[in-house]
Amino acid sequence: MAISTLKKIAPDDPAHIKAELLAKYPSKVARKRSKQIMINEALENTTPEIMANVRTTPGIITMRGCSYAGCKGVIMGPTRDVVNLVHGPIGCSFYAWLTRRNQTNAGTDGANYINYCFSTDMQDSDIIFGGEKKLEAAIQEAYDLFHPRSIAIFATCPVGLIGDDIHTVARRMKEKFGDCNVLAFSCEGYKGVSQSAGHHIANNQIFRHIVGENDEVKPGKYKINLLGEYNIGGDGFEIDRILKKCGITNISTFSGNSTYDQFASCHTADLNAVMCHRSINYVADMLETKYGIPWVKVNFIGAEATAKSLRKIAGYFGEKELIDQVEAVIAEEMPNVETALADVLPRTTGKTAMMFLGGSRAHHYQELFKEMGMKVIAAGYEFAHRDDYEGRHVIPDLKVDADSRNIEEIVVYRDEDKFKARKTAEEMKALEDSGYKFKEYEGMVPEMEKGTLIIDDLNQYEAEKLVELMKPDLFCGGIKEKYSIQKLGVPMKQLHSYDSGGPYAGFKGAINFYYEIDRLVNSRVWSYMKAPWQDNPQLSATYGWE
Amino acid sequence: MLLRHTPKEITERSALMINPAKTCQPIGAMYAALGIHGCLPHSHGSQGCCAYHRSALTRHYKEPVSASTSSFTEGSSVFGGQANMLQAIENIFAVYNPEIIACHTTCLSETIGDDLKQIRKKAITEGKIPEGKYMISASTPSYVGSHVTGFSNMVKSMVGLAEPTGKKNGKVNIIPGWVEPSDMEEIKRLTNMIGVKTIMFPDTSGVLNGPLSGEYKMYPDGGVTVAELQSTGDSIGTLALGEWCSADAARELDVKHKVPCQILDMPFGLKATDRFIDALRIIAGVTVPDELSMERGQLVDMISDMHQYVYHKKVALVGDPDQVIAMTEFLVSIDMCPVHIVTGTPGKAFERRIKEITKDMPFPCNVKAKGDMFLLHQWIKNEPVDLIIGNTYCKYISRDEDIPLVRWGFPILDRQGHQYFPTVGYKGALRLLEKILNVIQDRKDRDDPESKFELVL
């Protein structure tokens with residue numbers, strides 16, 4: 001049905017919309033989906049509960065990908081001096097080849113493998129007789145050709161099924177080379193219920209095999225790690241620009257434009273700043289337990305959020321010199337942001353948006369839309385867990401189902417040699433008493449207005465239905481959703497890879513985003529849907545040329 | 001340098017593929033299935049396969065690509081995916097209501113040995129496939145062949161729908177192979193012009209080059225219908241374009257239903273188009289209309305007018321076998337010299353065919369099936385070329401080596417036009433020639449010293 005002919009249903013009727021979304025489903029599917037579609041209404045001091053991180057029903061056209069995509073595609077993909085070798089048939093490596101728009105800069109060491117795609121290209125004989133020999137040969141060939149700092153092996157579905165022992169092969173080759181760390185990731189696509197399982201697997205292996213290897217103390221006074229920032233569209237470059245200007249040293253980014261040595265020496269930093277909570281919180285927790293580095297949640301998406309995050313980092317170190325410098329940087333950067341905002345606000349205020357993305361972005365980008373006077377009327381994650389919606393306080397109550405139980409939880413202990421409390425207990429308490437929150441993430445739900453819709457693992461049918469019913473001015477999602485939404489005459493912005501452009505993080509990124517959204521929601525193209533003769537199909541008269 | 005670690009010296013690799021010139025079977029099956037009207041492609045495997053294929057096709061076509069998945073978990077990988085598939089069938093017909101589901105396997109479901117034919121039977125027995133609706137399936141293990149093989153396998157499954165009535169329908173089956181929607185449209189224009197009634201399958205025109213009109217149709221108007229596919233067994237013959245993409249389906253119709261077939265090259269370039277038109281003319285028993293001879297003449301005219309700019313220019317060419325064979329013949333026919341030729345798809349027949357086409361060329365030709373772009377790049381470093389023809393991934397080589405690139409093949413992720421402007425037929429060959437000339441002449445204009453810079457080329 002053409003969208004223009006639909007009666008606009010008031011956005012304040014979320015129960016009706018929810019019922020519409022569920023109406024067509026077989027009863028079993030409807031029951032499950034109804035727990036994943038939540039109307040945001042506060043219940044006595046608590047946020048309502050949503051079902052998340054559960055299996056997608058077969059046959060339902062989901063936005064989700066697989067564990068391999070989370071491990072190789074998201075976490076390890078943006079590293080630049082690691083040869084990421086995919087053990088499997090060719091497709092898995094091919095599809096993850098430069099498609100996420102992670103930017104890298106070869107730097108002074110000159111290593112940059114991001115433009116390459118490596119695969120063992122398994123054949124049927126490898127499936128039948130086992131692929132370990134081929135894997136070993138491929139690792140050797142990669143080593144002989146490139147002599148990289150590290151070679152990472154990724155398992156695809158058949159590898160787990162035929163029982164190739166990739167970890168033993170990796171260990172053997174690592175010992176053989178001596179100067180190249182070879183490590184393997186058992187991130188077969190069928191593990192877990194989404195990309196999320198792959199993040200966890202990647203976190204575990206980086207922590208187990210790389211972190212803590214290089215104790216050399218890097219220069220810099222205020223040293224942090226930036227966790228969960230993947231440098232899509234250059235976001236990480238913009239954040240690094242700001243950090244540098246503030247006098248903050250970024251020891252290691254997980255994992256945009258990252259190097260092996262950054263991972264290896266990240267335990268020398270004094271604070272972990274966590275961007276994407278979903279994909280990297282495991283590393284943050286493990287770094288704290290083993291090495292004593294506290295972590296805080298930050299968000300560099302949005303100018304105000306960026307300022308807030310910088311103040312949070314400065315507040316942790318607590319030195320006047322840094323606090324003053326951060327304030328000076330904010331004061332210097334904000335006028336340009338305000339000028340841009342003043343320009344776009346008249347055209348963006350009052351517009352509505354929907355966001356169905358990842359495990360953090362559907363939350364982070366709400367800051368930017370707020371700055372632009374836009375309202376997010378429905379949002380949800382593709383692969384998040386309940387804590388990303390409701391906050392970390394629900395973690396003890398999370399049900400661990402069979403799919404999650406299969407994902408390894410590594411137990412980490414304090415490293416007696418390398419553990420160093422960054423602050424005394426008194427200092428930490430003083431910070432917490434002053435309102436400073438460590439290890440805290442409140443999730444998306446409190447951010448959203450009452451009566452909005454929060455939907456986990458949105459699918460194609462529901463996306464279309466939502467757009468038809470609520471008619472947002474903008475929809476944000478991934479490439480698979482992009483064109484079906486736009487066919488409805490609604491602009492769609494990819495917020496996984498950004499389509500084009502970026503950065504959108506930091507101060508300059510906020511300005512880029514304001515203008516990009518202004519361009520999208522105010523483009524003339526959306527007025528061309530109908531030809532003149534389609535608006536008035538009935539001819540009332542004819543005329544000739546004479 | 002983008003590909004800064006690629007050495008000039010070529011070393012033998014037996015296990016490591018770098019920068020592939022192919023991808024896996026299921027995406028080909030998905031693309032083919034989208035060429036059936038009212039069809040929902042279904043991927044029997046992990047969610048990631050389906051997500052990756054949809055994303056890749058969407059980036060190439062800038063169009064919605066709907067497909068569902070069996071969403072395997074670790075449990076289904078151990079116990080088999082039958083329960084997932086049966087549940088999927090039920091949900092698909094309830095929620096998306098397609099005319100037909102075209103299901104393909106993945107390396108996961110193939111490795112554990114799921115049998116889609118048996119699952120389909122069970123679904124029918126259990127009443128999960130509604131009356132008047134269909135399901136076809138193709139076995140497409142990712143560890144055999146390439147995306148081209150997967151395309152061919154799904155097309156072969158389509159002819160499984162053929163139900164001969166014993167009465168000929170007077171039509172010619174045309175299997176166009178993995179070409180663009182615009183190419184399929186052009187093939188239909190050519191057959192109409194000659195006056196041959198056809199059933200073309202698959203047919204993605206009108207599906208993956210749709211309009212923006214404020215309306216979203218999950219099943220766009222294009223595509224071959226199930227009724228047409230059922231009728232393919234009554235056709236007077238089949239023209240299969242491309243040995244790799246289309247021959248298997250054509251032979252299947254011949255063997256099963258005695259529909260005679262002819263395997264031709266894909267009609268890219270002058271000579272392959274000549275053979276295609278000639279075959280159509282003979283089948284239809286008609287005279288080729290003058291307007292088509294006119295189109296041919298225009299192509300020959302431009303070849304002669306611009307011959308000096310292409311003569312003996314060296315080309316590196318990478319792509320899929322059927323396309324690359326036809327393109328090699330076209331390049332040789334205009335006196336260009338394709339000196340480095342790679343396809344990722346396995347097949348010694350490819351190498352033999354290329355050797356034969358290039359045997360009279362003044363330079364020797366490097367050719368490799370089951371090759372990769374890393375090798376192609378190394379060949380180029382050792383013997384530079386004037387032009388690269390291939391998909392978007394070639395732009396990394398093109399920029400590093402400062403060699404002009406014509407984007408042609410799959411995937412094209414950074415330029416537009418392939419959805420709308422064909423490269424098959426005489427008009428298509430004109431466009432190919434125009435693209436080749438544009439980049440060569442742009443380069444000349446960029447590089448000529450001021451004193452030699454010319455107004456008229």
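Visitor: Which strands of chain B does helix H15 lie across, and at about what angle to E11(B) does H15 run?
Guide: In this predicted model, helix H15 (residues 373-382) of chain B lies across E10, strand E11 (337-342) and E12 of chain B. H15 runs at about 150° to E11(B), where angles are taken between N-to-C directions on a scale from 0 to 180 degrees. Helix H17 (residues 425-447) of chain B also packs on the sheet, touching E13 and E14 of chain B, and its direction makes about 150° with that of E14(B).

Visitor: What makes strands E10 and E13 of chain B a pair?
Guide: Two strands pair if DSSP finds at least two bridges between them; strand E10 (residues 314-318) and strand E13 (residues 387-390) of chain B have three bridges, in the parallel sense, and therefore count as a pair. Within this pairing, Val315(B) stands opposite Leu387(B) in E13(B).

Visitor: Why is the sheet of five strands in chain B called open, and what is its order?
Guide: The order is E12-E11-E10-E13-E14 (chain B), with parallel pairing. Strand E12 (366-368) and strand E14 (405-407) of chain B are the edge strands, each pairing on one side only. From one strand to the next, the twist averages 20°.

Visitor: How do you know that the radius of gyration of chain B agrees with that of a compact globule?
Guide: A compact globule of 457 residues would have a radius of gyration near 23 Å, and because chain B has 23 Å, the two agree. The C-alpha trace of chain B spans about 80 × 55 × 45 Å along its principal axes, and buried residues make up 58% of the 457 residues. Of the contacts in chain B with a separation of 6 or more, 73% are accounted for by residues 24 or more positions apart.

Visitor: How many residues of domain 1 of chain B are in contact with domain 3 of chain B?
Guide: The domain assignment gives chain B domain 1 (25-161), domain 2 (172-284) and domain 3 (297-451). Seven residues of domain 1 of chain B are in contact with 10 residues of domain 3 of chain B, and H2(B) gives the most to the domain 1 side, with four residues. By class, that side of domain 1 has three nonpolar, three polar and one charged residues.

Visitor: What makes helix H20 of chain A mostly covered?
Guide: A residue is buried if 20 or more other C-beta atoms lie within 10 Å of its own, and eight of the nine residues of helix H20 (residues 479-487) of chain A are buried, so the helix is mostly covered. Its buried residues, among them Ile479(A) and Ile485(A), pack against helix H19 (460-470), strand E13 (474-477) and strand E14 (492-494) of chain A, together with helix H2 (47-61) of chain B. Just after H20(A), Gly489(A) takes a positive phi of about 85°.

Visitor: How many residues does each chain bring to the contact between chains A and B?
Guide: Chain A brings 74 residues and chain B brings 63 residues, and the chain A side has 39 nonpolar, 20 polar and 15 charged residues. Two bridges join strand E3 (residues 118-119) of chain A to strand E1 (residues 17-18) of chain B, and these strands run antiparallel. With at least two bridges required, these strands therefore pair, and Ser119(A) stands opposite Met17(B) in E1(B).

Terms used. Residues numbered from 1 in each chain as written. Chains lettered and ligands numbered in written order. Predicted model: local features only at pLDDT ≥ 70, side-chain atom pairs only at ≥ 80, totals over all residues. Contact = placed C-beta atoms within 7 Å. Nonpolar A, V, L, I, M, F, W, Y, C, P; charged D, E, K, R; others polar. Rg over C-alpha atoms; globule rule 2.2 N^0.38 Å. Buried ≥ 20, exposed ≤ 12 C-beta atoms within 10 Å, placed from the backbone. Domains from an automatic or database assignment.
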